[in-house]
Amino acid sequence: MISTLRHIVQRVSQANTVEQAMAELVQLTRNAMDTDCCSLYLVESDSLLLSATEGLSASAVGHSRLAWGEGIVGLVAQREEPINLADAPSHKAFKLLPEVQEEAFRAFLAVPVIHRREALGVLVVQQKIARQFSEEEESFLVTLASQLAPQLRERALNRDQDPQSWIFPGLVAAEGIAIAPARLARPKLDLVQPAIETDDPEREWQRLDQALLVTSEELAELGGRLSDEVASELGLLFDCYQALLADPQLRQSLQACVAEGWMAETAVSKVVCQYVGQFESMGDEYFRERAADIRELGQRLLDQLARPGLASSAPEQPVILVAKEITAPMLAEIPRDKLAGIISMKGGVNSHAAILARAMGLPALVAVEGVRIEDLADKTLVVDGLEGRLWIDPTDEVVRAFRSLERGLEARSERFRRQLARPCISADGEAVTLLLNAGLATEERVLCKPGISGVGLYRTEALFMAFNQFPTEQQQERVYRRLLSGAEGKSVTVRTLDVGGDKPLPYLPIREDNPFLGWRGVRLSLDHPDLFLSQIRALLRASQGYDNLKIMVPMVSRLDEIQSCRRLLEQAVAELSEEWGRAVIPPPLGIMVEVPAALFQLGNWWPWLDFASVGSNDLTQYLLAVDRNNAQVSASFDSFHPAVVAALDQIARASQGRELGLCGELAGEVLGALMLLTLGYRQLSMNTQSLGAIHYLVENLDLSALAPLRMVLLAQRDGEAVRHCLTEHLQAAGLNELLPKTGR
């Protein structure tokens with residue numbers, strides 16, 4: 001059974017067209033089940049269209065339809081469950097369609113084709129004799145439908161599209177509108193190379209050593225160019241590349257592979273594929289995305305070995321860069337003024353490309369479904385970074401609509417940016433603290449605005465990723481000092497190292513069955529007090545003369561963890577006071593509220609805390625038992641779920657009179673920020689691109705009048721109802737321009 005299923009799925013996946021794929025499916029299924037007929041009905045315009053058949057009338061394909069719930073096929077689609085009948089014509093729902101010529105068939109088995117809760121169609125097998133299909137046959141058809149559902153959905157996206165204006169969905173990695181010709185990234189060599197032996201290992205190592213050197217120099221140049229265009233600390237991205245290229249373990253592995261008698265290309269393939277596999281097996285999406293960066297390095301080495309010195313030419317006009325998986329070096333190869341947007345067929349919203357796109361203000365889509373990269377060559381594209389859509393060769397009317405929307409967005413963004421020069425005060429005179437989430441870049445140009453009060457979350461993981469071993473206290477101090485001095489007196493909340501379990505460091509490999517519930521965050525820090533103390537001491541050293549440091553500890557679930565962190569902070573203060581011969585004042589110490597245990601215990605923990613900040617991403621994930629980076633269940637990740645609303649409200653109630661903020665993505669969404677303000681939050685930390693809109697929201701809200709809305713939100717039954725209430729409030733307040741716009 002398994003081999004038959006695999007054979008059918010493989011043949012369908014290899015088909016060149018939708019029609020060929022469906023024809024292969026019904027023919028192979030009929031043969032595999034030894035039945036007289038197999039047909040596929042697909043959902044189209046609220047009806048079920050006979051799309052392929054092997055046994056019914058071929059002339060009915062593409063013409064014969066059943067309404068939703070009509071006939072046995074429509075009933076299967078409506079109920080979303082199989083129907084197995086020995087004599088279908090005797091069933092009360094049976095409807096004879098003369099044009100399909102199915103009068104001779106009696107036995108009937110139909111199963112729904114469903115992809116992520118979306119009914120795509122119905123797969124049917126029929127036989128002339130009256131008999132019940134066996135449990136094994138039913139199980140086979142159900143399994144086949146489930147395995148083919150993703151392919152059928154992707155292929156259906158191409159079906160019946162207007163060739164003048166194809167539209168395909170994707171994930172918004174960076175908001176905005178871009179209209180420009182496509183530029184396909186230079187094809188990369190396949191990382192999987194044939195295993196070819198050599199009789200001259202010394203020559204092969206010389207080739208590989210030269211490729212390592214040239215690739216390092218090339219990346220250094222690209223990193224310098226990108227840093228000049230975006231922000232100095234984005235150089236850490238390219239520092240990661242350089243660190244890996246200089247990693248003695250990598251070089252030793254490559255040299256050993258060549259010494260075993262393999263060609264340079266084979267050695268790169270074997271060693272880099274092993275590194276890629278290690279990163280792809282990690283539980284955290286951010287670190288899984290790093291596999292793409294390592295793959296990029298391997299492909300660049302192969303490129304150097306095959307085509308040494310070959311460089312791509314810069315475009316003459318702005319383009320939208322398209323690649324199977326876009327990486328930071330690809331972006332750096334095109335001058336910023338010639339880059340209008342990016343499309344990545346793979347990747348996620350936490351990839352380096354997505355991070356850079358947001359930092360550079362480039363509209364970007366990732367994980368675009370249903371279109372092949374080669375189909376975009378020489379096409380004009382529209383990146384709809386509002387609704388997550390890619391338009392191919394749009395009509396003049398569509399282009400004009402998007403141009404108008406683009407101008408409106410630019411004017412609105414500029415207006416929002418200008419008002420950041422004012423303190424963030426609500427319409428009724430209440431101050432709200434807007435803070436910046438940072439990690440790779442501190443965005444000094446934004447931080448200097450009066451409307452921004454400081455950095456609410458500085459992630460230190462990127463610093464540790466940039467080294468081949470734990471950075472020394474002195475190395476950390478230099479980075480932290482630059483951060484604190486760049487803030488010019490505004491507060492900076494630094495989160496202590498948040499790795500372990502699901503996101504280990506390359507030089508601290510950890511293998512766990514359930515990393516999200518494993519050795520991570522504060523647990524790792526307290527198990528390695530030497531590392532924690534080194535980071536705390538580096539922060540204390542860097543803060544001398546600035547007095548704007550706050551330290552925040554992640555993933556806290558027990559009081560004794562807070563107490564231990566407090567003791568280690570006091571120890572570091574005592575050590576430096578003795579070393580310097582003067583009293584060192586400890587900075588405020590707080591925690592991330594992101595574990596459900598903290599939700600219920602925060603009220604008891606406040607005596608040991610100076611502040612707290614809600615990590616809404618992880619809190620939502622743990623409350624709903626949903627991995628938001630798992631495509632199978634990500635649709636269930638809902639920050640507006642009534643349980644999440646109730647949890648956020650409970651945290652706010654338990655923190656009356658205390659310093660409480662929120663630094664998850666929710667704070668940067670207009671509806672999310674409105675909900676948080678309604679629940680009593682007055683300190684919101686977010687990404688740069690969200691600051692202007694949230695500042696505008698606060699300035700135009702009467703916060704004292706939000707109490708009734710709070711009770712309404714807490715009474716809603718699902719997340720959609722919560723969103724609806726928030727949207728209605730914005731409309732009533734005359735803030736329609738903050739609601740999502742569309743280019744249609």
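Modeller: The model is predicted, and what follows should be read accordingly.

The buried residues of α15 are Glu473, Gln476, Glu477, Val479, Tyr480, Leu483, Leu484 and Gly486. After α15 comes Glu488, which has a positive phi, near 50 degrees.

The wider setting is as follows. The protein has 25 helices and 22 strands. Of its 744 residues, 55% are buried. Among contacts with a separation of 6 or more, 67% join residues 24 or more positions apart. The accessible surface comes to about 31,500 Å², and carbon and sulfur atoms hold 49% of that surface.

The packing of the interior comes next. In soluble globular proteins, nonpolar side chains tend to be buried together. Here the largest nonpolar core has 98 residues, and those with the most contacts inside this core are Leu648, Met675, Tyr681 and Leu684. Helix α22, residues 670–679, gives the most to this core, contributing 8 residues. Apart from this core lies another, of 31 residues, which includes Leu25, Leu120, Phe140 and Leu144. Once neighbours within four places in sequence are set aside, Tyr681 is in contact with Val614, Leu648, Ile651, Ala652, Leu660, Gly661, Leu662 and Leu676.

The whole structure holds 2 aromatic pairs. Trp391 and Phe402 form an edge-to-face pair, 5.5 Å centre to centre with 75 degrees between the planes. Because Trp391 lies in strand β14 (residues 389–392) and Phe402 in helix α12 (residues 396–419), this pair ties together parts that are 11 residues apart in sequence. Trp391 has a relative accessible area of 6% and is therefore buried, while Phe402, at 0%, is buried also. Phe416 and Tyr696 form a tilted pair, with 4.9 Å centre to centre and 40 degrees between the planes. This pair links distant parts of the chain, given that Phe416 belongs to helix α12 and Tyr696 to helix α23 (residues 691–699), 280 residues apart. Phe416 is buried at 5% relative accessible area, and Tyr696 counts as buried at 12%.

Charged side chains also meet rings. Lys270 lies over the face of Trp262, 4.8 Å from the ring centre. Likewise, the charged end of Lys550 sits over the ring of Phe611, at 4.5 Å from its centre.

Ala173 belongs to strand β8, residues 171–174. With a relative accessible area of 3%, Ala173 is buried.

Key
Residues numbered from 1 in each chain as written. Predicted model: local features only at pLDDT ≥ 70, side-chain atom pairs only at ≥ 80, totals over all residues. Heavy atoms only, no water. Core = buried A, V, L, I, M, F, W, Y, C linked by side-chain atoms within 4.5 Å. Buried < 20%, exposed > 50% of the residue type's maximum accessible area, 1.4 Å probe, protein only. Helix = DSSP H or I, 4+ residues; strand = E, 2+ residues; numbered from the N terminus. Contact = heavy atoms within 4.5 Å. Phe/Tyr/Trp six-rings, centres within 6.5 Å; stacked < 30°, edge-to-face > 60°. Lys NZ or Arg CZ within 6 Å of the ring centre and 35° of its normal. Areas by Shrake-Rupley, 256 points an atom, 1.4 Å probe, with all protein chains shown as cover.
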